[in-house]
Amino acid sequence: LAKGAGKGDWKRYRPDLQTAMIERSALRQALHEAVEREQFVLHYQPIVDLLAGAVVGVEALVRWQHPERGLLGPYHFIELAEESGAIVGIGGWALREALHRCVRWQRDDPAAAPAYVSVNVSARQFRRPDFVGQVRAALDGTGAAPAALLLEITESLVLHDTEQVLADLRELRGLGVRIAIDDFGTGYSSLSYLRHLPVDVLKIDKSFIDDVVHSDRQAALVAAIVTLARDLGLTVVAEGIEDAGQRAALIGMGCPYGQGYLFSKPVPPEQVPATITATVAAVDS
Ligand code: C2E
Ligand code: MG
Ligand code: MG
Ligand code: MG
């Protein structure tokens with residue numbers, strides 16, 4: 001900004017910024033209507049047993065079928081949805097939709113169906129007083145078994161854990177639903193808090209996996225997380241595995257599960273059974 005510029009003068013200096021702000025408010029408006037207009041779709045990425053190559057579950061990842069802009073990934077709208085509160089509606093829809101799909105896959109072809117679906121839950125959605133009730137209703141409404149659901153929460157949610165968050169986590173696990181901490185390692189948390197946390201799975205963030213082959217420091221960190229998880233009775237999923245070297249390194253550390261482009265990108269629901277069949281064949285060969 002030029003020194004001494006009056007109110008509104010920034011618009012003349014930064015037309016790009018002004019355009020961005022107008023676009024942002026249009027996007028915010030469109031986001032709020034997008035659930036009702038059925039513009040969201042879920043794609044699914046396999047979660048794989050690293051040693052055997054078999055698909056154990058899938059993660060549901062939301063995309064927005066925007067009428068003018070085409071298929072938008074979460075990068076384009078999740079932050080805005082968090083900020084505006086639209087994420088609560090989107091997340092509720094995603095939960096029901098993912099469970100509904102999972103039940104259909106298991107019914108249509110059990111041999112090519114994932115055993116569970118992993119669903120991302122934003123902190124804002126989780127903190128709603130009726131969240132546990134929503135999960136229960138989604139399970140009842142779809143007929144899905146609680147064991148078919150893994151909920152991915154963020155480190156920051158549990159880091160600022162209130163008694164209520166802990167109580168809700170216990171209640172969910174009491175139903176038979178499993179809980180994962182997503183993007184583990186990025187939240188600046190101390191590891192000791194894990195001992196008290198009612199969770200089942202750690203998902204190690206992709207940023208740790210990127211350099212696991214070429215950086216001794218990153219490799220040591222990942223190995224320590226895997227060991228810690230095992231000692232605490234938690235399971236581990238490595239995110240963002242892109243090549244065979246990373247897979248081999250992780251197997252060497254005793255990391256049981258992973259997901260990443262090496263196995264499959266996220267695919268639309270109708271491609272999931274074929275992807276499950278193909279993933280096993282490709283990784284074994
Ligand atoms: P996330 O939950 O950590 O999901 C993993 C992201 O990494 C996905 O990006 C996935 O496509 C990407 N990924 C997986 N393997 C690889 C790989 O080998 N290489 C690379 N470069 N990327 C890989 P995506 O689908 O763009 O989702 C981004 C984030 O958006 C998710 O990160 C999650 O935090 C959020 N998100 C997605 N769906 C939902 C949802 O339904 N609710 C909420 N609250 N957040 C969601
Ligand atoms: Mg996730
Ligand atoms: Mg993640
Ligand atoms: Mg991530």
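View 1. Donors are N, O and S atoms within 2.8 Å of the metal (3.2 Å for Na, K and Ca), and sites may look incomplete because water is not among the atoms. E152 belongs to strand β5 (residues 149-154) and D182 to strand β6, so the pair ties together parts that are 30 residues apart in sequence. Helices (H or I, at least four residues) and strands (E, at least two) are DSSP runs, numbered from the N terminus. The structure is a predicted model, in which local features need pLDDT of at least 70 and side-chain atom pairs count only at pLDDT 80 or more, while totals for chains, interfaces and linings use all residues. Residues are numbered from 1 along each chain as its sequence is written, chains are lettered from A and ligands numbered from 1 in the order in which they are written, and side-chain values use heavy atoms, with hydrogens and water left out.

View 2. The magnesium ion (ligand 3) lies 3.8 Å from the magnesium ion (ligand 2), and D182 coordinates both. D182 is in strand β6 and E239 in the loop between β8 (235-238) and α11 (244-253), so the pair ties together parts that are 57 residues apart in sequence.

**View 3. Polar contacts of ligand 1.** A polar contact is a pair of N or O atoms within 3.5 Å. In the side chain of R63, an N or O atom is 2.9 Å from an oxygen atom of ligand 1. A nitrogen atom of ligand 1 lies 2.5 Å from a polar side-chain atom of E242. Y261 has a backbone N or O atom 2.8 Å from an oxygen atom of ligand 1.

**View 4. The shell around ligand 1.** Ligand 1 is surrounded by 22 residues, each with a heavy atom within 4 Å of the ligand. The closest are R63, N120, D182, E242 and Y261. Strand β2 gives the most to this shell, with four residues.

Definitions and conventions:
Polar contact = N/O pair within 3.5 Å; in protein donor to acceptor, adjacent residues only side chain to side chain.
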